[in-house]
Amino acid sequence: MHIHWYPGHIAKAERQLKEKLSLVDVVIEVRDARIPLSSSYTDIKKLLGEKPRLLLLNKADLVDKEELKSWVTYLKETTGCPVIVTDAKGAKDLALVTKHAVELAEPKIQALMAKGLLRRAARAMVVGMPNVGKSSVINKLTKSSKTKIGAKAGVTRQQQWVRINPKLELLDTPGIIPTKQENQNQAVKLAFVSSVSENAYSPEPVAAALLEMLSNSKYRKEVQYYYKVEELSLENIANCRNWILKADSPDTERTAKYILKDFREGRLGKFILDEIEE
Ligand code: G4P
């Protein structure tokens with residue numbers, strides 16, 4: 001099985017990301033709570049330099065709340081960043097995110113004031129891998145304030161700033177972290193959560209890898225129960241559902257697509273697929 005990345009796009013995406021990053025005081029990094037490590041970018045520290053970062057573990061509604069608590073502690077310790085659990089689909093607002101972003105940017109604003117400049121609102125942007133919920137987070141943050149305040153110097157015209165409150169302005173388009181990792185183990189997990197374009201892989205090996213990962217995890221029983229099979233394989237699940245092709249062979253392609261959909265929509269259970277590194 002192989003997930004194909006598109007190296008040609010990566011340099012451009014990185015350039016665009018860097019351009020946007022140079023405009024902000026604080027970065028809100030969104031990760032998928034189902035893969036808190038695999039949905040992160042290994043070089044993010046290099047990319048951000050000294051810029052403060054707030055970490056969101058989004059899609060928290062799709063994982064076990066108790067299990068996620070250990071991840072919050074772990075990520076706070078290992079990244080040194082504040083970590084907030086979010087459900088950008090269901091949440092009423094993300095006031096806590098606004099509060100933390102303002103606090104993180106305050107030293108920079110103070111430094112500017114120490115140089116004799118007037119106080120200004122902090123500037124933030126949302127970054128993350130594809131499909132982690134960046135746009136949903138932006139929508140929730142800007143919901144109560146649709147005050148577009150126009151483009152600023154150096155920013156292309158499509159990019160707008162939205163005033164969230166007097167202390168915070170947000171770039172209304174997210175920075176997409178290119179998924180360039182060579183690591184296939186990470187790539188396949190990104191495919192599980194739709195962070196990789198469907199053109200980059202075929203569903204059967206990816207669904208088979210998901211079943212294998214779940215078979216070797218503490219979630220095995222839950223998944224066996226859901227599919228009503230002892231051994232979790234595409235063939236067994238296809239046979240059990242009676243998804244059989246003309247030549248009496250199991251329709252593994254249809255089964256694979258369903259398994260990925262079941263997982264993505266949280267029907268199999270509330271799973272976290274990364275492991276906390278000791
Ligand atoms: P992106 O900008 O990072 O690419 O992600 P986007 O906000 O477009 O969200 C990608 C998908 O994830 C959307 O689903 C969105 O609704 C869903 N999503 C975002 N945040 C959460 C969350 O906290 N929990 C859950 N369960 N889902 C979330 P979609 O299928 O593309 O669209 P739709 O379901 O909104 O119709």
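Which residues come nearest to the ligand? Of the 14 around it, those are Asp61, Ala88, Lys134, Ser135 and Ser136. Near, here, means a heavy atom within 4 Å.

Two quick notes on the source. This is a predicted model, where local features need pLDDT of at least 70, side-chain atom pairs count only at pLDDT 80 or more, and totals for chains, interfaces and linings use all residues. Residues are numbered from 1 along each chain as its sequence is written, and side-chain values use heavy atoms, with hydrogens and water left out.

Back to the ligand. How far is its oxygen atom from the side chain of Ser135? An N or O atom there sits 2.7 Å away. In Ala88, a backbone N or O atom lies 2.8 Å from a ligand oxygen. For Lys89, a side-chain N or O atom is 3.0 Å from an oxygen of the ligand. Alone, the ligand exposes 700 Å², and the protein buries 63% of that. Those areas come from the Shrake-Rupley method with a 1.4 Å probe.

Who supplies the shell? Helix H5, residues 134-142, gives the largest share, three residues. Helices are DSSP runs of H or I, at least four residues, numbered from the N terminus. By class, the shell holds four nonpolar, five polar and five charged residues.

Next, the largest pocket. Its volume is about 430 Å³. A pocket is an open set of points on a 1 Å grid over the protein atoms alone, where a 1.4 Å probe fits, with protein on both sides within 12 Å along at least five of seven lines; lining residues have an atom within 4 Å of a point. The volume is the space filled by probe spheres set on the points.

This pocket has 20 lining residues, and Arg31, Leu37, Ser40, Thr42 and Glu277 lie nearest its centre. Helices H2 (44-48), H3 (65-79) and H6 (184-192) each give two or more residues to the lining. H3 gives the most, with four. The lining has five nonpolar, eight polar and seven charged residues.

Last stop, the aromatics. The whole structure holds five aromatic pairs, meaning ring centres within 6.5 Å. Take Trp71 and Tyr74: the ring centres are 5.6 Å apart and the planes are at 90 degrees, so the pair is edge-to-face (over 60 degrees). Both lie in H3, three residues apart, about one turn of the helix.

Methods
A polar contact is a pair of N or O atoms within 3.5 Å; within protein, one must be able to donate a hydrogen and the other to accept it, and residues adjacent in sequence count only if both atoms are side-chain atoms. Ala, Val, Leu, Ile, Met, Phe, Trp, Tyr, Cys and Pro count as nonpolar, Asp, Glu, Lys and Arg as charged, and the others, Gly among them, as polar. Rings of Phe, Tyr and Trp (its six-membered ring) pair if their centres lie within 6.5 Å; planes under 30 degrees apart count as stacked, over 60 as edge-to-face and the rest as tilted.
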